[in-house]
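The sequence and the structure come first, and the description follows.

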Amino acid sequence: AIVRKRRVDDPDAFPAFFLPKLSSAFGGPNPIASHPDHFKFFLLRSFCNNLVKDFNKRLIHHEEEFNNLGLAAIRGQMNLLDFGFQSTYTKLLEMCGPNGALLDGRSDLDFSGQLFDPPTQRYKRIGGTMTALVARTKKEAIDVFVAVTDLRTNFRLAQMLQIFKEREAHWAEDSYSAANALGALSLDAAADCSGLAAKSAAYVMQATPESVDELYRDFEAMFPGGSGDGAKLDIAALCGKPDMDEALIDCMMYEDDDLMASALHLLESNYGQRRRLRVGLQNATLLESTRLPVYGDIHGLRADLQELVYLGRTSTVWGVKSRVSGPFDDKSFGAIMSRLDRILEFLHTPWGAPFAGAAKPPVQAADGSLHPAPPDASCFQGHFAETDLQGNSYECKSLWSYDVAAKWSKTMRDLDSPRKIEPKHQDILRSCDFQEVCSEALFIDNEIAFKGSICTEREKGESERRIRLVKRALLCCTTAFVHGNGSNQEVLFKDLPVLEKLCTPPELDHEFHLKPYTVGATIPKEESIDPAAAAAGTPWWPGGGMGVIPLEQ
């Protein structure tokens, strides 16, 4: 986001769903998939909010069907929030008020119009599934509030960065007088803006207590009891429920471990708001400009990562041929490979390099926006054709034809290579949540086609080949992403067992279920292996070999 002054009721105050022009869905024929902003799903959002309002601020334990419907509505709210469809202050108020009322079990009933006797009975699970369902409903509502705290931290972080941006101008104005007073800077040194900002900031902060007090007041104004917009995002303020802490403590009394853990987590988030903001300030990655090598600008990078998430979740569509999913989606397969190749190119491009220093400079559209360059036509020279025993045929004339992992593995292993991994680009990828892309794609099943797909054995082998090519390229991207970067290693540490498995042969080597394909136009009904390839000991697959990535010991 651009660091600028913003208010809590601005329409773009929070991260929201946004479909960039670089997205493959933008301007598409599907009106749902191509809708560009977070007004999408307006009816679903209103429906979920109204269902929660219908509880009338209390839960009735023995109304099981209605409670199940309410639980589904809260989960719908959570999904909308996760994808950026609840990202305005007005929407948060509409959602948080009714949800907060549900947490306070002191008004809950056993049956309609009947209180619990004794009152502590509502905490127990001996009443069957009813109380357990109520506990799950409260837990889902708390999880919604935990997600809202992330939006709150994001807004306060933007406000804090804006405060420092405004102070920088003040520090720069006072720099000359500071230099003259201390005798620490010559006129020539004062002309150096980069050194000037740091030195003047240090001077003003140390020599002017008023500046420290002013920063402290601005900081505290963002928290409960303050006068700033950030204070309006306190959970109790959003719910209109001053006794929110008591309601969370009440939730911890239920005999349900998950509900207790969620309530404790939200309490910790409420009482650790300042710490979370400080951590956010330390982890923020600031850019002087939106322009980036390889991608043109930051929007091109984010569009690529969004497409990777989508392609990773739809691997059963592009990576499998069956009577259910249809033929192989060669275009999507090429798209995911070219994007992984572009990420590796970005990681190996020096910070501040001109666009011409990349493999291919970005393409400028008619409206002036920059788009990542498409891959060369030579990438799609692979050819695969087959006729099975039933006479069914499949042919692809433009298959992605080289192994991205094989292309980059030598560069990554060669310590003397002039192409070093750029730490700044690693940090940018982490800020854009590349680690989440990795975490999702690592769990794509190589052998999904062998688990019920209605297709030929050759098509199952081709499916496995494609997915392994993707995972090999992803492993290279992940290796470059964490190389020498402690912060990136920390965010991917939870996936270390999966990464270790991928790095261990024969997980991603060339030992497939089938023998290599014959080099030729069409495979006959009986297999034949190219003698030259067999003599050389080099297995051939459409698009090239699948040798093992050499790993450093």
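Which residues have the most contacts inside the largest nonpolar core?

## Basis

The model is predicted: local features need pLDDT of at least 70, side-chain atom pairs count only at pLDDT 80 or more, and totals for chains, interfaces and linings use all residues. Residues are numbered from 1 along each chain as its sequence is written, and side-chain values use heavy atoms, with hydrogens and water left out.

## Nonpolar cores

Leu301, Leu305, Ile343, Leu429 and Phe434 have the most contacts inside the largest nonpolar core, which has 47 residues. A nonpolar core is a set of buried Ala, Val, Leu, Ile, Met, Phe, Trp, Tyr and Cys residues joined through side-chain atoms within 4.5 Å. Buried means under 20% relative accessible area, exposed over 50%, and partly exposed in between, with a 1.4 Å probe and protein chains only. At least two residues of this core come from each of H12 (298-313), H14 (330-347), H15 (404-413), H16 (423-431), H17, H18 and H20 (496-503). H18 supplies the largest share, 11 residues. Helices (H or I, at least four residues) are DSSP runs, numbered from the N terminus. Another core, of 44 residues, lies apart from this one and includes Val52, Ile74, Val146 and Leu248.

Leu429 touches Leu301, Leu305, Ile343, Phe346, Leu347, Phe434, Gln435 and Phe481, leaving aside residues up to four places away in sequence. Contact means heavy atoms within 4.5 Å.

## Helix H17 and its packing on H18

Helix H17 (residues 434-441) packs with helix H18 (residues 457-482) at an angle of about 145°, their axes being 11 Å apart. Axes are lines fitted to C-alpha atoms, for helices over the stretch in contact, and angles run from 0 to 180 degrees between N-to-C directions. On the H17 side the contact is made by Phe434, Gln435, Cys438 and Ala441, and on the H18 side by Lys471, Leu474, Cys477, Thr478 and Phe481. These comprise six nonpolar, two polar and one charged residues, where Asp, Glu, Lys and Arg count as charged, Ala, Val, Leu, Ile, Met, Phe, Trp, Tyr, Cys and Pro as nonpolar, and the others, Gly among them, as polar.

H17 is largely enclosed by the rest of the structure, because six of its eight residues are buried. They are Phe434, Gln435, Val437, Cys438, Ser439 and Ala441, and they pack against H12, H14, H16, H18 and helix H19 (486-491).

## Aromatic pairs

There are 10 aromatic pairs. Rings of Phe, Tyr and Trp (its six-membered ring) pair if their centres lie within 6.5 Å; planes under 30 degrees apart count as stacked, over 60 as edge-to-face and the rest as tilted. Phe55 and Phe66 form a tilted pair, 4.6 Å centre to centre with 40° between the planes. Phe55 is in the loop between helix H1 (42-53) and helix H2 (64-82), and Phe66, 11 residues apart from it, is in H2. Phe55 is buried at 5% relative accessible area, whereas Phe66 is partly exposed at 26%.

Phe434 and Phe481 form an edge-to-face pair, because their ring centres are 5.1 Å apart and their planes are at 70°. The pair links H17 to H18 across 47 residues. Phe434 has a relative accessible area of 0%, and Phe481 is buried with a value of 0%. Elsewhere, ring pairs link Phe17, Phe41 and Phe85 into a cluster.

## His425

His425 is in helix H16 and is buried, with a relative accessible area of 0%. Not counting residues up to four places away in sequence, His425 touches Pro293, Phe346, Leu347, Thr349, Pro350 and Trp351.
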